Each structure stands twice: as structure tokens, then as C-alpha cells.
Amino acid sequence: MKAQCLPLDIISNLPSSIIQTILTFLPIRDAFRTSILSRKWRYHCANIPKLEFNEGMWRGGAALHDKHKLFLDMYTILLLHQCPVLEFSLSIPELRSCCEINLIILYLSRNTALEKFTLCIGMSCQSHKLPSSFFSLQNLTHLKLQKCVIPPLATLSRFGRLTSLCLYEVVTTKSTLLQFLSCCPLIRNFTLIEEEYSFTPSGCSDFVDLFRCLPLIERLEMNRCPVKLFALGVIPPKLTNAIAHLKYLGLFGLTFAKEYELSSVFLLVSSSPNLKKIKLEMHSYASREVVSQTAKGFFDLLDYSDINLEHLCEIEITNFTGLKTEMDFVKVILAKSPMLANVQLMFHSLYQTNMTDVQKRWWTLEELLKLPRRSSRAKIIVKQ
């Protein structure tokens, strides 16, 4: 019996939907080059539901320095595109703010099917001010912005389907941010990474106001700047209304040297009864910052008898230095987490150089191992 020879071109006979899905995994330039393969392939690339423009699209980087060539390529692809765009990403760190970006956003604002939008630039100090047409993208489910300016909202534009919001170095005021969040009632994933120069304090809004705008939040990531700006007045040990859905908490750039940081972290942890993972990335210069006296005695004066982290399974701390405040925090977590399985610690690089630092690291480990644990499964894992 003779073996049947399969045709050399198997892919062309696949259903169009499968071919388009395959093309979404290719760099967009390569995907559109498939249009020259044959008549069958001419229009497949024009129906890709996902358009992703990044620096890898222009090999060698020559076009990145020619703004007109770069946007001409983008406009050509957009004009050739025929089906609704479900996902659009413009992520080029070398790109400067320019009016051409607004034209692309205007084009997308007429596409009511758009669900995921990413705009990340960052070469210049000047951030890109979002045009009014941006607020017409009201069917978005995922939004990621970097080095953009969110202007005050003249009218409340409701992003009723938005579930994921990531903001990096976005220039705005605290009141504008809360106004924007209040228009997104379904947010479950929220990332806010800011610098001191980009996030302007306004009003007296605190964590209570923030979480009033995030009733369904499940995953939260913040760095030191927004933590500081929302840590106003007397910070309560616990929110009146629990952050009931929060499962992951990531905090970056902290030092645990100031009382407001400790109060804020403790407030977030103690108000999240369903928390499953905590990730803390301490500031690389945390060991050099002077710990205030109020911070040193923070946990000694704290009443945490009513705190139970019944679902917490994992805590990860990087740039760990063994400060008293860090040790006290780990002590509370170990004592209040019956399901805790892993405590992952990555010591600061300081503790891998001279003999004195190495000895201090071993002493810190010995003290950690002595701490009482509510979970019999809890393991302390040290990573290099």
C-alpha cells in the first residue's frame, strides 16, 4: 500500500479564522508580508483582530529615528485593515510625543469593537496628552498607558467594561485619577506606578476614597509615590469596608523607614481578608535610609489581634535587609496566616559582599527561623 503524500502547503487550506489567529503571533510586519504569498493569502492579514506596533517591527532600528517613515508604515497597515480591531498596541520607548499619535487614537475611536488598548512611549521628558477622542473608547476591557497625560474630565466618560487598568508614569492629579476610576466600576486589575514629578497631589483624598472607586479589585500594584500621596492624616488600622475581592497585593520601592509606609501596608493587608499573595520589592537604597523612631516601634504598639489572613499562601520580599521593621512585618504575617506555605526572601546585594554582611545575613536567618508560625506548612525560602 503506497503512502499518500501530503500537499506541501497545508496551512493555506485551514479555515480563515485559524490562519488569522496564527498571524497574530507573528510580528505585524511579517504578518502583512504574507499577503504576497498567493491570492489566497492576500486578505488574511487585513483581517487580523490584533495590531501590535513595537520597536521590533523595524529591524535594525533605523526607522525609529525617522518618525514619518514609522507612521507611514502604521497608516498603511491601518488603511489596509478590513475587519474590526479588537486589540491595539503602540509600545515604542524611543517614540516621542507627537500629533500623529492623536490621529491614530481618532481612527481607533471610530472602531466600537476595540477591547484592549496600549500606548507606551517614553524617550523624552514630555508626556503625551491624551486627546478628547480617547474618551470615546468606551468599550475597552484592558487599558495600559505609559508617559501620558490624563487631563481633567470635562464630562464623565463611562468605561463600563474596563476590568484592567495599568498606569505607568502617567501625569495627572489625584482628583482626576479618582474621577477617572469612578467611571470604571468593574476594574479588577489596577497598576499605578508613578514618579514624584508626574503625580500631583490635590485635595485630601485618602485610601478610603481610592477603594471606594475600586469595589471589585482583585489585583493591585503600586509603588511608593502613590502610597505616600494617599497616606493622609491618621491612617486607620483597618478600612471600614473590607477590600473583599483582593487576592494579590504588589508594592514596590518601599523602605519601611517611615511610619506612613508601615501604616499603609498594614492597612491594605489587614483590610484584605481574601488575600492570597503579597509581593514587596523594597527600595534598593532602603538599607541607607534612617528608620524613624515611630517606625521602629510601630509593630510594638500595634493591636493586630483581630487580623486573620485565612487565605494567604505566599509572601515574597526582594531587597530584604533584615531591618527591625521588616522582621516585625514578617513576624505578623507568620503569626496570622494559617494557610501560608512559602515565605520567599531575596536579600539585598549588599549582603553578598564582605564577611560582616554575610554574618549579619546568617544572624537574620536564625532570627527568622525562631519566629512562631501559625501554619505548619510555612517554609522560609532564601533566593540569591
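1. On one side of helix α3, His68, Leu72 and Leu79 are exposed, that is, over 50% in relative accessible area, where buried means under 20% and partly exposed lies in between (1.4 Å probe, protein chains only). Helices (H or I, at least four residues) and strands (E, at least two) are DSSP runs numbered from the N terminus.

2. The model is predicted: local features need pLDDT of at least 70 and side-chain atom pairs count only at pLDDT 80 or more, whereas totals for chains, interfaces and linings use all residues. Residues are numbered from 1 along each chain as its sequence is written, and side-chain values use heavy atoms, leaving out hydrogens and water.

3. Leu70, Phe71, Asp73, Met74, Ile77 and Leu78 of α3 are buried. They cover an arc of only 150° around the axis, which puts them on the same side of α3; the arc is that of the directions from the helix axis to the C-beta atoms. An α-helix has 3.6 residues a turn, so residues three or four places apart point the same way.

4. The chain contains eleven helices and 16 strands. Twelve strands form an open, parallel sheet in the order β1-β2-β3-β5-β7-β9-β11-β12-β13-β14-β15-β16, two strands being paired if DSSP finds at least two bridges between them. β1 (50-54) and β16 (379-383) stand at the edges, each with a single partner strand, so one side of each has no neighbour in the sheet.

5. Five bridges join β15 (residues 342-347) to β16 in the parallel sense. Within this pair, Val343 stands opposite Ile380 in β16.

6. Helix α4 (residues 99-109) lies across β2 (87-91) and β3 (116-120), and runs at about 175° to β3. Helix α5 (residues 174-181) packs on the sheet, touching β5 (142-146), β7 (164-168) and β9 (189-193), and its direction makes about 165° with that of β7. Axes are lines fitted to C-alpha atoms, for helices over the stretch in contact, and angles run from 0 to 180 degrees between N-to-C directions; contact means heavy atoms within 4.5 Å.

7. Lys147 is in the loop between β5 and β6 (148-149) and counts as buried at 6% relative accessibility. Asn319 lies in strand β14 (residues 314-320) and is partly exposed, with a relative accessible area of 22%.

8. Of the 384 residues in the chain, 49% are buried.
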